[in-house]
Amino acid sequence: MSKPTSPETLSTRPGLDAETLRHSLAARLVYSVGKDPLTATTRDWFFSLAYSVREQLIERWMQTMRQYYHQDVKRIYYFSMEFLTGRALINSLLNLNLETACHEALTSLGLELEQISNIEPDAALGNGGLGRLAACFLDSMATLAIPGYGYGIRYEYGMFTQKIDDGRQIEHPDNWLRYGNPWEFPRPEVLYPVRFFGNCVNYLDEHGINRWSWVDTEDVLAMAYDTPIPGYGGETVNNMRLWSAKGTRDFNLDPFNEGDYVGAVENKFKSELLSKVLYPSDKTSLGRELRLKQEYFFVSASIQDILYRFSKIFSDLRLLPDKIAIQLNDTHPSLGIAELMRILVDIHRLEWEVAWDITSKIFSYTNHTLMPEALETWEVRLFESMLPRHLQIIYEINRKFLDHVQHLFPGDLDLLNRVSLIDENNGKRVRMAHLAIVGSHKVNGVAAIHSSLLRERVFPDLNRLFPNKFINVTNGITQRLWFNQANPHLAKLVSQHIGQGWIRDLDKINAIEPLATNMDFREEFMNIRRKNKLQLINLLRHHTPAAIDPNSMFDVQCKRIHEYKRQLLNLLHVITRYNHLRHGFVSNIPRTVIFSGKAAPSYVMAKLIIRLIHDVGTTINHDTRTRDMLKVVFIPNYDVSIALSLIPAADLSEQISTAGTEASGTGNMKLALNGALTIGTLDGANIEIQEAVGPENIFIFGLDASEAEDLRLQGYSCHEYYQANDDLREVLEMINSGYFCPQDPDRYKPLVGNLFSNNDPYLLMADYASYIECQNQVDNLFSKPQEWAIRSILNMSRMGRFSSDRAIREYAKLVWNIQPVSLG
C-alpha cells in the first residue's frame, strides 16, 4: 500500500485581516481579472473578491484531502442529480469568519459587499428540495469533518429561468455560467470515457470462464470540475466534483474540408448535450433517452473516478466496502449498482457473488417519494438499445433475487411479480427503486411517517424480505445558511443572548426559549421581523404594483408547484376570504398571501395553477372593497437567493400537502427556524415539527394519512363535499365560470373539470372546511401580537433536531460507518 507524497506545507495563504484582504483584492483585480481599478465594474470586483476568498479555501482544501489520504479514512460519496448550492460568496465568508474583514476592506475601497454579492448568480445545479438537501448535507459533512464528496453533473443551463407573461410561466435558459464561475477548478486531466449503445459479445477467457465484452459503443468523455465546500470555521474543506460532457472528437476535419461545416462539429454538439440542461422533458422519446443518458453518464464517470482513487493506494478490491460508501440520493443514480457490477465482473473479472457482496455493502439508497407514479422506471427496449450490458446485469441480479424469493415463498407468483426488478405489466420496464433497494445494504425514508409508509404501503413485500434494511433518517437543513446567513439580525440577537454555539450545534438554540416571555427580547425580536418584512417589500415592488402593508400577515407558500402540494387549496382559501370581505364580513387581520415556485415545463395543470394565482391576484389587488385587507403576490423564479429574502419575513408557513404524499419537506423546517408558524397537515416532517414545537404552537388541519386512505377505500365522493359546502361551491363556480378572467371565461374549466373527473385525487374538497376553520384560528392568534411572538420564538428555539448536522451524524453512524476526521 502506498500513499501520495505530501508536498511541503504551503505558505501562500494571506492573512485574515482587512488590510491583507484589501491588498489581495487589488492584486486579484489586476493579475487575475486583468482590470484597472479606474475601469473596473461591479462584476470585476465580484470576481476579484471571489478569487481572494478562494485563496483562503485552497490550502485548507488541499490539507483536508491530504489528511484523508494520510489517515487512510473511509469516505462517503454522495451521488445526486442536483446540488442546489445557491451563491457561494457570502456563505464562504461566513464559514471562514471573513465577513467583517471583507466589509472593512471593501469600504476602504469605496465598495459595498451587498452590491457586489448580488452580482453572483445562483448556481443552476438543481430544481428544489432534492438539490437543496444535497447542498445542506455537503455543508454539514464539511462542518463535522466527515470525509465526504459530492458527485453530480455540471449543468450548463440548469433547469430554466421562470418568467411570467400575462400570468403564464415562460421558460428561458438559465445561462448561469455566462460570465464564468470563479469557485470551480476545471480538471482537463480528469477525463473518463462513458459508453453507450453497442453490442455485447460472449467469449471464453484464458481459463475457460464465460465472459462478456461490451463493444462497438458510442463514447462520450466526462471531464471533472471541482468546487471546494468549506465547513463552518474553515478547518475542513471538502470537494464537490461535477462532470461536464465532452466529445471524443471536438472537430472532424474531413467533413469540414468537404464543406460540411455542421458535420465537422456534430459529434461535439451531440456529446455535450448531456450536460446542458437539468431534467430534459420525458414527454418525448428523445427526452427520455437524454435523461437516461445523463443518469448513466454521471454514475459511470463517478465510479471510475472512485475506483481510480482507491487503486492509488489499494490493490485488493475486497477492501472496497471498508474504504468507500456511496449514497444514492433518490433513484436517479441507482444505475451505479449495475455499473459497479459491470466493472468488477467484466473488467476486474471477480466472481459474481464476490462482486455482489462488495457492491451491496457499498451502496445505500435514500427514497424521496411515496407516490408510485413518481418512482422512476425505464422501458426495457430503451435499456436494451442504450445500455445493453447493464440490462443483462440487471436481469441477472433479478434472476438471482427472484430465485431467493421463490425459495422463501414457493409458489407465490404474485409476490414474484410485485418484487421483480422488471415490471411485466406496464410495457416491460426496469423498476429503478427496486434495483436500488435490492442492491443497497440500507434504505432510508426522510421523515418518520414517510419511512413508515414506505415499509407498510409502498414496499411492504421488500420490507418483509429485508426486515432490517429499511430505516429512517429525517431530513435536515443547515442553520449556517438558513438562519445565520438568511436572518443575520435575528442570528446576531440570538448570539448576543446565548453565544454562537448554536451555529455548530443547533440543539443549543433551545437556550433562547426562556426569553420568549421576556418583553424586552420579544420587542427586539418583533422589530427584527418587521425589518425583514420591509426588506421583502422592496423585493416585491419588482413583482407587483400593489402596496404591501408590513403590518399584514405574510402568508407564504414557496415550493415547487404541484397538485399534491395543493397551492390550489391555498387559493380556495384566498378566494373564500375575498368573498367574505366583499360580502361585508368584517376582518381586522390584513393578509398578504405570497406564492413562489416553478412548475415543470410539461406539467399543464401546475402551469394553469400559476396562471390562476395571477388572475386571482389581479382581481383582488385591484378591488377597492378588499385590497386593504387582502393581497396576492407571486414571486417568479424561486431559487435559493429569493428564499433567503422570503423565509425570514414569513409569518405563516403553508405546508398543506395531502397527508401521505410529502416525503418530508425542508421548507417547513427553514420557515419554522426563522419564526414562522406552520399551518399544515400531518404529513412529512410536519408531524415531527409538531412533536418538537408542541401542538399549541402549530396549526394542524385535515385528514391524516390513515384517514385519507380510509376515505378513499370507503368510496370518496368529492361531489358530496362540493354540494354540502356553500362557500366551497361558490369558490369553484367562480373559478369555473371565468370570474377572474372574464375576457377568457373558459380558461380554468380544465382545472375544475380535472378535479371532478378524477374525483379530487388530492382531497382538496375533503380538507377544505377544516382548512378554512384552521385559518380562522390563525387570524385569532395573529390579532394578539405578543402571543404570536411568544409562539414564534418557541418555534425557533425548538428546531434543534432539524439540523442537517443531526441527519449526517445519523447517516455516518447507521448507514456509512464513518467517523469524523481530526485535522489538527
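This is a predicted model: local features need pLDDT of at least 70, side-chain atom pairs count only at pLDDT 80 or more; totals for chains, interfaces and linings use all residues.
**Entry 1: Phe521**

Phe521 sits in helix H22, which covers residues 519-540. I then listed what Phe521 touches, leaving out residues up to four places away in sequence: Leu493, His497, Ile512, Leu515 and Ile793. Of these I checked Ile793 for distance: it is 272 residues from Phe521 in sequence, and the two C-alpha atoms are 9.8 Å apart in space.

**Entry 2: Phe802**

I went on to Phe802, which is in the loop between helix H33 (785-797) and helix H34 (804-816). Is Phe802 buried or exposed? I have Phe802 down as buried, since its relative accessible area is 1%. Not counting residues up to four places away in sequence, Phe802 touches Gly476, Ile477, Met669, Glu688, Ile689 and Ala692. I also took the C-alpha separation from Phe802 to Tyr51, and noted 33 Å for a pair 751 residues apart along the chain.

**Entry 3: nonpolar cores**

Next I looked at the cores. In soluble globular proteins, nonpolar side chains tend to be buried together. The largest nonpolar core here has 159 residues. I noted the residues with the most contacts inside this core: Phe79, Phe196, Trp243, Phe297, Phe383, Phe401 and Trp816. Helix H2 (residues 42-70) supplies the largest share of the core, 12 residues. Another core lies apart from this one and has 66 residues, including Leu572, Ile735, Phe740 and Met765.

I picked Phe297 from the list and asked which residues it touches, not counting those up to four places away in sequence. For Phe297 I wrote down Ile153, Val194, Phe196, Val220, Leu221, Ala222, Trp243, Ser244, Ala245 and Leu274.

**Entry 4: aromatic rings**

A pair of aromatic rings is described by the distance of the centres and the angle of the planes. I counted 24 aromatic pairs in the model. For Tyr811 and Trp816 the ring centres are 5.2 Å apart and the planes are at 15°, so I logged this pair as stacked. Tyr811 counts as buried because its relative accessibility is 0%. Trp816 also goes down as buried, with a value of 1%. I recorded one aromatic cluster as well, formed by Tyr77, Phe79, Tyr149, Tyr151, Tyr192, Trp243 and Phe298.

**Entry 5: helices H12 and H15**

At what angle do helix H12 (residues 335-347) and helix H15 (residues 388-408) pack? I found about 95°, with the two axes 9 Å apart. H12 and H15 are therefore roughly perpendicular to each other. On the H12 side, the contact is made by Ala338, Glu339, Met341, Arg342 and Asp346. H15 contributes Arg389, His390, Ile393 and Ile394. I sorted the residues of this contact into 4 nonpolar, 1 polar and 4 charged.

**Entry 6: positive phi**

Most residues other than glycine have a negative phi, and most peptide bonds are trans. I looked up two residues with this in view. Asn97 is not a glycine, yet its phi is positive, about 60°. I placed Asn97 in the loop between helix H3 (89-95) and helix H4 (99-108). Asn97 is exposed, because its relative accessible area is 69%.

Lys428 is not a glycine either, and its phi is positive at about 60°. Lys428 is in the loop between strand E13 (422-423) and strand E14 (429-431). I logged Lys428 as partly exposed, because its relative accessibility is 36%.

**Entry 7: Asn238**

Last, I looked up Asn238, which lies in strand E9 (residues 237-247). Asn238 is a polar residue by the grouping I used, and it is buried, with a relative accessible area of 2%. What does Asn238 touch, not counting residues up to four places away in sequence? I listed Trp61, Thr64, Met65, Tyr68, Met141, Ala142, Ile146, Gly148, Thr227, Pro228 and Ile229. I also noted that Asn238 and Arg60 are 178 residues apart in sequence and 9.2 Å apart in space, C-alpha to C-alpha.

Terms used
Residues are numbered from 1 along each chain as its sequence is written. Side-chain values use heavy atoms; hydrogens and water are left out. A nonpolar core is a set of buried Ala, Val, Leu, Ile, Met, Phe, Trp, Tyr and Cys residues joined through side-chain atoms within 4.5 Å. Buried means under 20% relative accessible area, exposed over 50%, partly exposed in between (1.4 Å probe, protein chains only). Helices (H or I, at least four residues) and strands (E, at least two) are DSSP runs, numbered from the N terminus. Contact means heavy atoms within 4.5 Å. Axes are lines fitted to C-alpha atoms, for helices over the stretch in contact, and angles run from 0 to 180 degrees between N-to-C directions. Angles under 35 degrees count as roughly parallel, over 145 as roughly antiparallel, 65 to 115 as roughly perpendicular and the rest as oblique. Rings of Phe, Tyr and Trp (its six-membered ring) pair if their centres lie within 6.5 Å; planes under 30 degrees apart count as stacked, over 60 as edge-to-face and the rest as tilted.
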